[in-house]
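Take a look at the protein below.

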Amino acid sequence: MDASVRNNVKAVRRSKEDKKVLRKQLKASHTLLKHEGISTAPQPTKSLVVANGGLGNGVSREELSAALNEMGELETLIMHPHKPYAFVTYRSEESARKAHIHLNGKKLQCGENSVTLYLSYVDSVTCENEGSVPLPEGLVLVENFVSLEDEALLLAAIDWSSTNEDVTAQKALKHRRVKHYGFEFRYDNNNVDKDKPLAAGIPQECLPVLEQCVKNKHIDIMPDQLTVNQYESGQGIPPHVDTHSAFEDTILSLSLGAKTVMEFRHPDGRIVAVVLPGRSLLVMKGESRYLWTHGITPRKFDMVPVCDPQSPAHTPDLGTHSNLTLNKRGTRTSFTFRKIRHEPCRCAFPSACDSQVAPSAPSPPSPPSLPCCHADAALLEEEYVHRVYDAIASHFSGTRHSPWPRVCHFLSSLPPGSVLADVGCGNGKYLGVNLDVIAVGCDRSVALVQICAERGFQAFVSDALSVPLRTASCDACISIAVIHHFSTQERRLAAVKELVRLLKPGGRALIYVWAFEQEYNQQRSKYLKDQNKEHPENPSATENTPEDSQEPHENLSIHSSRRSEDNYRPVENMQDVTDGKLSVHTNRTAFNTQDLLVPWHLKEGKKRVEEKSGEGGKKDRRKEMSKKTSGNTCSACSLSSIAKLDSNPDPSPGFDSNMSSGSHLDTSDVSKPSPSCDTSQTSSSTLKLESESCPAPVYHRYYHVFQQGELEQLCGQEAGVHVQSSYHDQGNWCVILEKDLGR
């Protein structure tokens, strides 16, 4: 081939690549207009919008700025929190033209992930005023409270290798390790045994720090209890209030090691994100100690201001701040000093005080019965699936982070340009896994669909039994943690039929359902494994996450559908449903029945959750949802269709725009009892229980857990489709269906 022919071939190739980039750029512009109201300009300007170049995509300001600066001098770079795009304004229009030409379609490596940038001109960029929000009343942040030498001395004083429980109580919790001095804080009852002090008091190395606190009038009396928490990257602690009856007013928290962000939440919905630098002291008194919850969302990166706040009295509003970047978390060790209380608490916040409010908990309503007809099944699912997911949508979404590897492998195997439908998409974490496919999601929960829209995904509200898409319009479908929420065999089969209807001939569908067998091939699923290690005395007080909380194991067993069908036998000696009533499952334990109710502990117990009707209620709930920009994700384990609501952190199969990388799905110990006492009641028609020590609302979701071979047998009832493969994935039964070419 001579040189001229080679050049012509290269020109054709470049032309095809350019056309592909142009298509992607136009699609990105359309998405920005539809979901964000951002209009792009046809003519060159000095300002551009950078699709896929936002904090919500895991792109830091430093990484994006470095790429943009290669094209010319920047005037402004605006990156809004949780958004998958950014705005840039260059000093000259020529620099903007250069960026538009050379950066369109460019891959940007961001840590372990890469994103493809698509740039479009915009006429102007409005920059919001970057103000500060006041800290909660009674909260004081003192930066650089200890020196680097003191920090090293304090960290060395904690001997993590010692396991003598009589001296210091040490716990290896799922998402942090903990050591108690002076008195042990008991996570089973959220209190301390004041008559049983530990042999080891507060370490001597801490005394100069406490004396300085007294001298500076941060505290009036010397603490006698210390809890040391060590958090690795990606770990956190659920929102909580330290139990009133256990400790006196002032609480001191010294942060050593890596910087992190702690969220304070008021019962009225206000959220203040406080950046805690290393070696800083946080002082909680009064309202901030007694009324506001505080917690750390489990994630690998935090959004923080480019420059730390100048005044310790204020903190940037991370919800509207545009001068933000991503800060990768490292190991953080916190020293929390408290004074044991020996008299009942008489604080000014009786609604949140366990000493002052002790009404007897109402008896929980009787569990429902198994449905005997289609109408009963629809009512059961409305009450124990749809309404529950609407009520917990924000909390649920905040617990769903990382996509499951096997689901990602299926999505990545789809050819570019394929049409994908995620039926029961939840917060849409799988809609962004393969950017080369046309992905659309649907879910019964308006609240979860709203979260999808906020994250820039295409999604609409729909029942999984009747999806408003054309027959044979999809190359692939996924149904992750959905079909097990249907309460009769007929309705589960109808859900499979609807997936098959959507597929083109030759198209494939991936289905995940929760497995009855949580121990398979001599391996216990993650769902069961951590029980004895963390809460042997209280198995019900563990994670909310059921089938989705387990970490996929590498050694997955794949078998043919024929073998599975042959192996499907009803389990003998299975517990009968008492009087036709569904049983309430104890989290993290083996199943003893296939049809059951699984508890979800809503950890924002102070938040009043109300069932509202009419457009007014919907607007109020949308307003609540708009306050929650957690950007986290969930699997499609929802079939909800009408209302929506609120709450906060734990995990499942899906795409994580909250920068929680890796395949680990279980990223929070949210449903462990934490040092909190949320006391407000929650109104809802769903079944819920309240513990005496910490009456946070508990919702119950209906599940039908599948026995081995049952899913293959169900799919085998649909003509014109065959099971291509099936496997067990950490407590879930999974199949890949293929629609026959003749259909």
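## Rings, charges and strands

This is a predicted model. Start with Phe-87. Its relative accessibility is 11%, so Phe-87 counts as buried, because the cut-off for buried is under 20%. Tyr-85 is buried too, with a relative accessible area of 5%.

How are the rings of Tyr-85 and Phe-87 arranged? Their centres are 5.7 Å apart and their planes stand at 75 degrees. Planes over 60 degrees apart count as edge-to-face, so Tyr-85 and Phe-87 form an edge-to-face pair.

Now turn to Trp-404 and Tyr-512. The ring centres of Trp-404 and Tyr-512 lie 5.9 Å apart, with the planes at 90 degrees, so this pair is also edge-to-face. Where do the two residues sit? Trp-404 is in the loop between α8 (393-398) and α9 (405-412). Tyr-512 belongs to strand β28 (residues 503-514). The pair therefore ties together parts that are 108 residues apart in sequence. Both residues are covered: Trp-404 is buried at 0% relative accessible area, and Tyr-512 is buried at 1%.

The table puts the two pairs side by side.

| Ring pair | Centre distance | Plane angle | Arrangement |
|---|---|---|---|
| Tyr-85 and Phe-87 | 5.7 Å | 75 degrees | edge-to-face |
| Trp-404 and Tyr-512 | 5.9 Å | 90 degrees | edge-to-face |

How many aromatic pairs does the structure hold? There are 14. Some rings also gather in a group. Trp-514, Phe-516, Tyr-527, Phe-591 and Tyr-703 make up one aromatic cluster.

The charged end of Arg-338 sits over the ring of Phe-247, 4.1 Å from the ring centre. Arg-406 lies over the face of Tyr-727. Here the distance to the ring centre is 4.2 Å.

Next, the strands. Strand β10 covers residues 176-181. Is β10 mostly covered or mostly open? It is mostly covered, with 5 of its 6 residues buried. Its partner is strand β13 (residues 225-231), and the two run antiparallel. They are joined by 5 bridges. One of the residues involved is Val-178, whose bridge partner in β13 is Asn-229.

Finally, step back to the whole protein. It has 15 helices and 36 strands. Of its 743 residues, 59% are buried. The protein exposes about 29500 Å². Carbon and sulfur atoms supply 50% of that area.

Key: Residues numbered from 1 in each chain as written. Predicted model: local features only at pLDDT ≥ 70, side-chain atom pairs only at ≥ 80, totals over all residues. Heavy atoms only, no water. Phe/Tyr/Trp six-rings, centres within 6.5 Å; stacked < 30°, edge-to-face > 60°. Buried < 20%, exposed > 50% of the residue type's maximum accessible area, 1.4 Å probe, protein only. Helix = DSSP H or I, 4+ residues; strand = E, 2+ residues; numbered from the N terminus. Lys NZ or Arg CZ within 6 Å of the ring centre and 35° of its normal. Areas by Shrake-Rupley, 256 points an atom, 1.4 Å probe, with all protein chains shown as cover. Pairing = 2+ DSSP bridges.
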